[in-house]
Amino acid sequence: MIKKSHWLLVTILILIALVLSIYFYARADANETAEAQQDYKFITTPCWFDADWTASIRCGELHTPETSGAFRLPVVILKDETTARRNDPIVYLQGGPGAGARLHSDGIKSWLSWMRYAALGRDIILIDTRGTGRSTPALVCAEYNRSNQQLLRQHTSLAEELALGFEVTRACFESASAHNSALDYQHFSTEQSARDIRALVQTLGYTEWNILGVSYGTRLALEIANQEIHQPQTTKLKAMVLDSIYPAGFGGVQTWPKVLDEALYKFFKGCAANHECTNAIGDSNRHIVQLFMDTLTRLRESPMEFTIRRWDGEAPVAFLLNDHRFLSAAFAATYSPRDWIKIAEAINGVAMHSHDQIKPLLEPFVNQSMSSDFNSLTFTAVDCADNLVMAEAEYLTSVGQYPLLQEYTRDQWRYQACHYLAAQRPLLRHQPQVPTLILAGELDPVTPVDWARSVHAEWKNTQLHISKNTAHSVLSSEACLLQSLVVFYDSPDKVFGGCLTQEPETP
């Protein structure tokens, strides 16, 4: 997961920590929804990006009802031109919330390559949901961006950063809604985005359609599937693939101490078992956990100054690395075991005061944090609209159960934006009624494999495929699995065998 206008690099801890508990879900009457859908319009527009125009690409905007904000949501349809083209498209739902679909020149180039490689035999539909990408009105705040840039150069404690972030974020939401009522945070929610996407496929005129969701996109997919049951429409959802499942009732602030602790212990264990990783740390006489904690202590007492190169060609960023920013960067690197060696090299780099050893960890972290493809304010709005705030005592109990990093997790509950962005329609987990394939990485630190096992055990219409040496976002790591999805989409009621060239994994 990546962020736009990165609010305190440490806040990635909250932005990738996932959501709260199961609560009552208040859904609209089906007749009201049908009325609202009549106000949705899909308008074909010229494409706004450069692309390989030998491909067939349709661009447009979904205009949402005035009662829900009158948003204009950019849509791109990549048409499958093979002779074996099926008529049931796939809507791709990206992670987040807050991540755009990358509907720009570089993004479309990547999507076309992905589509040709995956060979799913179907049109691919991409959409910037509310508050992401090129959608309008845009949820932006100049003061938010200024504060972030200033803080990057300052040595502040975690509590100070969280407190300042709490106040600046509140002021941004108040200012946004005062200038444009469409930007009231209650117009941003998983439930509302699900309505938008269902209206889109209905207006496009397909008879059936499918979903491929990743990370937060799986939560959005599950809400779509629930609305399909209670608010049926003529365009029918056929099947879903959920990669790194993040359903309502899992994740959230109360599980953050556990998620952070388990993610780092996976790194500690994996690095200790890898000769290259242990060599990179450079100190074979001390336990890796102690080396990591010593690194945090060093950086708390003596932060290190960096100039980080921007990948987008903008001016380099002045960045002061202290303890909690190192922890944030290390956690982000636990997403993929391939990046674990960067953590090890950075641990040694801090001990040796070697900037060159630390930059490979920091550069992708900082650049992803500043990417225009992610909007942190949208993340906050959706997260708070979807979930109620848990009791502080419950959170502190969880903190006490995972003491290693408790000084970095203790204050997270106090400074949640959700204290002033109160949930109106909190989301409830529902069993999908369409055939659903769940993909999980055994090493995933963010949407742990136990989540996938738990919902699979409850949901009879699901299949579960576990990839043993994979972390978050299975399909980005296992190309053969991506190319095998066509078999599932063609026959979703049949047992999915995994990679066509391999024996299936046993959950």
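**View 1. The disulfide between cysteine 141 and cysteine 172 in the predicted model.** In this predicted model, cysteine 141 and cysteine 172 are joined by a disulfide, with a distance of 2.0 Å from S to S. The link of cysteine 141 and cysteine 172 is left-handed, with -65 degrees about the S-S bond. Distant parts of the chain are linked by this pair, since cysteine 141 sits in the loop between strand E5 (124-127) and helix H4 (142-152), while cysteine 172 belongs to helix H5 (residues 158-179), 31 residues apart. Cysteine 141 is buried, its relative accessible area being 14%, and cysteine 172 likewise counts as buried, at 4% relative accessibility.

**View 2. The disulfide between cysteine 47 and cysteine 59.** The sulfur atoms of cysteine 47 and cysteine 59 lie 1.9 Å apart, and the two residues form a disulfide. Because the torsion about the S-S bond of cysteine 47 and cysteine 59 is about 100 degrees, this disulfide is right-handed. Cysteine 47 is found in the loop between strand E1 (41-45) and strand E2 (57-63), and cysteine 59 is found in strand E2, so the pair ties together parts that are 12 residues apart in sequence. With a relative accessibility of 24%, cysteine 47 counts as partly exposed, whereas cysteine 59, with a relative accessible area of 1%, is buried.

**View 3. The disulfide between cysteine 384 and cysteine 418.** Here a disulfide is formed by cysteine 384 and cysteine 418, whose sulfur atoms are 2.1 Å apart. The torsion about the S-S bond of cysteine 384 and cysteine 418 is about -85 degrees, and the disulfide is therefore left-handed. Since cysteine 384 lies in helix H14 (residues 376-386) and cysteine 418 in the loop between helix H16 (406-409) and strand E10 (436-441), the pair ties together parts that are 34 residues apart in sequence. Cysteine 384 and cysteine 418 are both buried.

**View 4. The disulfides of the whole structure.** When the whole structure is searched, 5 disulfides are found, among them the one that joins cysteine 141 to cysteine 172. A disulfide is a covalent bond between the sulfur atoms of two cysteines. If the bonded cysteines of the protein chain are numbered in sequence order, their pairing reads 1-2, 3-4, 5-6, 7-8, 9-10.

Key: Residues numbered from 1 in each chain as written. Predicted model: local features only at pLDDT ≥ 70, side-chain atom pairs only at ≥ 80, totals over all residues. Heavy atoms only, no water. Disulfide = S-S within 2.5 Å. Helix = DSSP H or I, 4+ residues; strand = E, 2+ residues; numbered from the N terminus. Buried < 20%, exposed > 50% of the residue type's maximum accessible area, 1.4 Å probe, protein only.
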